[in-house]
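This report walks through selected features of one structure, shown just below. Please keep the sequence and the model in view while reading.

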Amino acid sequence: MKKKMKGKDPLFLLSVFLIIIIGIVMIASSSYPEGLAKFNNGLYFLKRHLVFLVLGLIISWICSRISLQFIRKLSGLFFFISLILCLLLYTKLGIDHWGSVRWLKIPILNMEFMPSDLIKFASIFYFTDFILRHRNTIHQMETFIKILLIIGLSVGPIIFKDFSTGIVIGVSLLAIFYLMGIRLYQGGIIVFLGGFATYLLLTLERFAYRKKRLLAFLDPFDDIPDTDWQLAHSLYALGIGGFKGEGPFQSRLKQGYLPLSYNDFIFPIIGEEWGFIGTTTVLVLYFILCFRGYYFAIQAEDLYAKLVAVGITTSIGIQVFFNTGVAMGILPVTGLPLPLISYGGTSLIVTFAALGVLYGINRDPKGGRS
């Protein structure tokens with residue numbers, strides 16, 4: 001029995017499975033009105049989500065069996081390709097949806113995807129490889145400048161297009177750097193540079209509307225027809241749900257009142273239909289997932305595997321924190337999907353791939369080393 005269970009983690013798998021099921025149910029509910037209105041098919045978004053889900057599960061299974069050392073060897077190439085794709089957002093290939101240019105259009109395939117989802121994890125693989133190759137000199141100024149350059153290349157092209165994802169990437173890389181022994185002055189420099197970038201984002205004329213949206217959480221009801229619309233109705237949904245919720249498929253806010261209720265703002269719909277019990281259950285499941293992810297990192301015998309596991313788990317955990325924090329009005333409004341629950345193609349597939357790598361670290365704590 002022990003031999004059969006070796007490399008398996010039922011608690012991790014169960015948490016992922018339950019989160020997936022919740023996602024399917026909530027997308028079926030939250031997307032139905034828009035699917036019916038736009039495509040005369042209430043199940044339009046659910047069907048697409050199931051296709052992405054199956055594809056993501058297949059990719060996740062493949063990634064769980066790929067040697068981490070093989071991924072490490074290709075990390076530089078993966079990072080370079082992801083960086084180029086992010087820079088293409090500043091060209092005519094960048095697609096504007098809801099006032100943000102976060103999507104790239106592939107003309108041949110007539111598809112769109114978000115390159116920020118790729119660099120989110122590509123940066124973890126490459127940064128970890130770099131910092132381990134220079135582990136003896138990370139406190140020297142020359143190496144530290146290179147570390148700043150990698151973080152800047154990972155965050156810079158994204159933060160002015162997708163502020164929240166830029167923060168997620170930065171925190172994930174800082175977690176890895178912290179474990180390698182970051183010094184106080186190095187952390188101070190990174191925080192200063194991050195703060196300066198945020199200052200530019202909030203003060204430059206071209207980002208005036210984004211500034212209003214980011215600061216909307218300070219008073220979510222002072223401009224409901226414009227910048228506060230999503231946040232105000234998110235809070236309404238959570239308030240209506242109360243303790244037990246209105247019941248499955250009984251949300252009223254999804255009917256045109258809360259934009260992106262099947263994507264970035266799916267958490268309030270969970271609260272409206274399932275109440276405090278439902279939202280707490282979701283958060284507990286994410287806690288279990290992240291707890292097991294960090295446990296995989298602790299158990300890993302290979303340092304690269306250990307740091308990658310921390311990076312992936314931190315990235316997912318911070319994304320959950322941002323998404324739910326925005327929905328509850330305690331964080332600035334930013335566009336981040338709820339991992340494995342929100343509708344989405346690139347985000348869902350890439351998250352599954354990352355979870356596959358994470359679970360592969362549990363299966364092979366040596367990280368592919370013999």
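A residue is called buried when its relative accessible area is under 20%, exposed when that area is over 50%, and partly exposed in between, as found with a 1.4 Å probe on protein chains only. The model is a predicted one, in which local features need pLDDT of at least 70 and side-chain atom pairs count only at pLDDT 80 or more, while totals for chains, interfaces and linings use all residues. Residues are numbered from 1 along each chain as its sequence is written, and side-chain values use heavy atoms, with hydrogens and water left out.

## A buried serine and its helix

Ser82 has a relative accessible area of 1%, and therefore counts as buried. Its place is in helix H5, which covers residues 68-87; helices (H or I, at least four residues) and strands (E, at least two) are DSSP runs, numbered from the N terminus. Contact means heavy atoms within 4.5 Å, and, when neighbours within four places in sequence are left aside, Ser82 is in contact with Leu118, Ile119 and Ala122.

| Helix | Number of residues | First to last C-alpha | Expected span |
|---|---|---|---|
| H6 | 19 residues | 27 Å | 27 Å |
| H8 | 17 residues | 25 Å | 24 Å |

In H6, 18 of the 19 residues are buried, so this helix is largely enclosed by the rest of the structure. H8, which covers residues 163-179, is also largely enclosed by the rest of the structure, because 12 of its 17 residues are buried. Among the buried residues of H8 are Phe163, Val168, Ile169, Leu173, Ile176 and Phe177. H8 is followed by Gly181, a residue with a positive phi near 100 degrees.

## How H6 packs on H13

Two packed helices are described by the angle between their axes and the distance between the axes. Here the axes are lines fitted to C-alpha atoms, for helices over the stretch in contact, and the angles run from 0 to 180 degrees between N-to-C directions. H6 and helix H13 (residues 303-327) pack at an angle of about 145 degrees, and their axes are 10 Å apart. On the H6 side the contact includes Lys120, Phe121, Ile124 and Asp129, and on the H13 side Leu303, Tyr304, Gly311 and Gln319 are among the residues that take part. The residues of this contact divide into nine nonpolar, four polar and two charged, where Ala, Val, Leu, Ile, Met, Phe, Trp, Tyr, Cys and Pro count as nonpolar, Asp, Glu, Lys and Arg as charged, and the others, Gly among them, as polar.

## Salt bridges

Side chains of opposite charge can pair when their charged atoms come close. A salt bridge is a side-chain nitrogen of Lys or Arg within 4 Å of a carboxyl oxygen of Asp or Glu, and how many does the structure hold? The structure holds eight of them.

One of these joins Lys38 and Glu34, with 2.9 Å from N to O. These two residues are four residues apart in helix H3 (residues 32-39), which means that about one helical turn separates them. Lys38 is exposed at 57% relative accessibility, whereas Glu34, at 23%, is partly exposed.

Because Glu273 lies in helix H12 (residues 266-299) and Lys254 in the loop between helix H11 (229-241) and H12, the pair ties together parts that are 19 residues apart in sequence. Glu273 is buried at 2% relative accessibility, and Lys254 is buried with a relative accessible area of 8%. Elsewhere, salt bridges that share partners join Arg72, Asp129 and Arg133 into one network.

## Positive phi in two loops

Most residues other than glycine have a negative phi. Phe249, which is not a glycine either, has a positive phi of about 65 degrees. Phe249 belongs to the loop between H11 and H12, and at 45% relative accessibility it counts as partly exposed.

Technical notes. Expected span 1.5 Å × (residues − 1).
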